[in-house]
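Have the structure open as you read.

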Amino acid sequence: MPGAPVESVLRVPLFSELNEEEAQQVASLFKQRRFKPGETVAREGSGGAAFFLIEAGEAVVTVAGQERRRLGPGDSFGEIALIDEGARSATITAASELRCYGLTYWDFRPLVQGNAEISWKLLQSVVGRLRDEQAAGR
Amino acid sequence: MNGVVPLAEARDDAIFGSKAVGLGEAARGGLPLPPGIALAGDVVEAVASGEEDAIEQVIGAARSLAVPLAVRSSAVDEDGADASFAGQHLTLLNVPSVDVLDDAVRDIWWSANSDSAITYRQKVGLFHRPSVGVVVQSLLDPETAGVMFTRNPMTGAEERMIEASWGLGEAVVAGQVIPDGFRIAPSGEVLERRPGYKKIAIRSLPEGGTFEEQVAAERVEALCLGDRELAALNRLASRCEEVYGPARDIEFAFAGGELYLLQCRAVTRF
């Protein structure tokens with residue numbers, strides 16, 4: 001079955017409000033992508049246009065050259081780029097053979113634009129995070 | 001419309017991309033190409049999406065090609081912007097088996113959808129999704145390879161300008177060697193032979209990818225093309241100009257003693 005596993009998609013905060021059927025629609029848009037050890041997955045400051053879910057392997061997150069954390073299977077990055085295509089806030093480098101599921105802005109946008117229910121739930125998810133940030137005083 | 005065709009049947013830029021159609025024109029014109037197939041943009045999309053039917057169709061068609069394979073992107077024309085996209089897309093040399101061709105096609109799809117490709121598209125005002133075709137050809141194991149202008153790109157003079165080196169042509173294209181230089185008049189008279197300094201040759205690895213082979217000391221400054229090869233290149237230049245029009249930028253290789261055309265583009269003057 002092409003696409004990413006639905007359960008992995010539902011664990012992503014942005015998609016956590018979706019029901020199973022809606023999550024399946026999003027999951028079907030993902031394509032597999034592999035990176036070699038040491039390969040740059042995303043570069044801090046450069047434009048971003050895809051969101052990635054890690055299927056297998058490990059990646060390192062660095063900001064201004066400093067390692068911040070490591071990502072493994074089930075982790076994801078780049079969800080904001082799906083909506084605003086803005087610059088990457090960190091550099092992600094494959095620390096091992098890395099297998100991901102990737103979703104591009106081009107594939108995601110038509111689904112959201114054509115489905116008001118999904119759009120509303122994504123908006124709720126984004127606003128929920130904003131509220132959490134405010135409550136944390138950031 | 002079949003989205004997986006022999007190169008000679010790739011005719012529509014909007015379906016197969018400009019590289020595939022350029023090679024299709026060469027095949028129809030009887031130019032000596034390594035055997036290959038062209039994949040339409042929607043087939044590439046389906047293979048990248050993991051659709052089994054599309055993967056089986058592509059792998060089935062590629063089984064007729066001798067391995068290893070060279071897999072190249074063929075940008076589907078976007079307002080004539082293809083040349084600018086050359087650096088955004090990918091060539092995978094030496095894919096060792098047709099059974100991993102779907103991975104190679106997926107890598108090509110992602111190269112057209114990478115952060116750098118998308119950023120570039122935004123910069124030049126292209127806000128629709130990219131479409132990319134793919135060319136799959138048998139990868140040659142050449143004795144020598146290089147590039148040729150059918151006319152002097154600086155002066156427009158009617159002379160063939162050739163640069164060549166040992167092994168795969170990537171050593172010349174990527175500037176990893178000082179290649180041998182040759183100039184030939186359209187009559188076939190050799191006007192200049194200038195030995196280069198060719199310490200490495202790029203070769204294929206059996207398990208995929210390429211490596212840099214050290215060239216034997218006596219061959220570093222020895223000319224890699226002789227009279228027979230230069231005469232064949234002059235004939236190829238004439239034939240390419242007949243098929244495509246004047247002033248061509250050609251990539252070529254000699255394998256098993258035979259001359260092959262790898263790519264033929266219009267000359268870009270600087």
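## A helix pair in chain B

The crossing of α3(B) and α4(B) is left-handed. This is a predicted model, so keep that in mind throughout. Helix α3 of chain B covers residues 41-48 and helix α4 of chain B covers residues 52-62; their axes come within 8 Å and cross at roughly 115 degrees.

Which residues do the touching? On the α3(B) side they are B:Val43, B:Ala46 and B:Val47, and they meet B:Ala54, B:Ile55 and B:Val58 in α4(B). The tally for this contact is six nonpolar residues, with no polar and no charged ones.

Move on to the loop between α4 and β3 (69-75) of chain B and you'll find B:Pro68.

## Chain B as a whole

Chain B has 10 helices and 13 strands. How big is its C-alpha trace along the principal axes? It spans about 55 × 40 × 35 Å. The radius of gyration of chain B is 19 Å, which agrees with the value near 18 Å that a compact globule of 270 residues would have.

Of those 270 residues, 46% count as buried. As for how the chain folds back on itself, take the contacts in chain B with a separation of 6 or more: 62% of them are between residues 24 or more positions apart.

Chain B splits into domain 1 (4-138) and domain 2 (144-266). The C-alpha centres of these two domains of chain B lie 25 Å apart. Where they touch, 13 residues of domain 1 of chain B are in contact with 16 residues of domain 2 of chain B.

On the domain 1 side of that contact, the elements giving two or more residues are α2 (18-28) and β4 (91-95) of chain B. By class, this side of domain 1 of chain B has nine nonpolar, three polar and one charged residues.

B:Lys19 lies in helix α2 of chain B. Is B:Lys19 buried or exposed? It counts as buried, because it has 24 C-beta neighbours inside 10 Å and 20 or more is enough. Leaving aside its neighbours within four places in sequence, B:Lys19 is in contact with B:Arg72, B:Ser74 and B:Val135. For a sense of scale, the C-alpha atoms of B:Lys19 and B:Pro179 are separated by 25 Å, and the two residues are 160 apart along the chain.

B:Asn94 sits in strand β4 of chain B. Its phi is positive, at about 65 degrees, although B:Asn94 is not a glycine. Most residues other than glycine have a negative phi. B:Asn94 also counts as buried, with 22 C-beta neighbours inside 10 Å.

## Over to chain A

There are five helices and eight strands in chain A. Read along the sequence, they come in the pattern α-α-β-β-β-β-β-β-α-β-β-α-α. Chain A is as compact as a globular protein of its length, because its radius of gyration of 15 Å is close to the 14 Å that the globule rule gives for 138 residues. The C-alpha atoms of chain A fill a box of roughly 45 × 40 × 25 Å along the principal axes.

Of the 138 residues of chain A, 36% count as buried. Among contacts in chain A between residues at least 6 apart in sequence, 72% join residues at least 24 apart.

Chain A has a positive phi in a residue other than glycine as well: A:Ala64, near 50 degrees. Look for A:Ala64 in the loop between β4 (59-63) and β5 (66-71) of chain A. A:Ala64 is exposed, because 9 other C-beta atoms lie within 10 Å and the cut-off is 12 or fewer.

## Where the chains meet

Definitions and conventions. Residues numbered from 1 in each chain as written. Chains lettered and ligands numbered in written order. Predicted model: local features only at pLDDT ≥ 70, side-chain atom pairs only at ≥ 80, totals over all residues. Axes fitted to C-alpha atoms, helices over the stretch in contact; angles between N-to-C directions. Helix = DSSP H or I, 4+ residues; strand = E, 2+ residues; numbered from the N terminus. Left-handed = near helix turned anticlockwise from the far one by under 90°. Contact = placed C-beta atoms within 7 Å. Nonpolar A, V, L, I, M, F, W, Y, C, P; charged D, E, K, R; others polar. Domains from an automatic or database assignment. Rg over C-alpha atoms; globule rule 2.2 N^0.38 Å.
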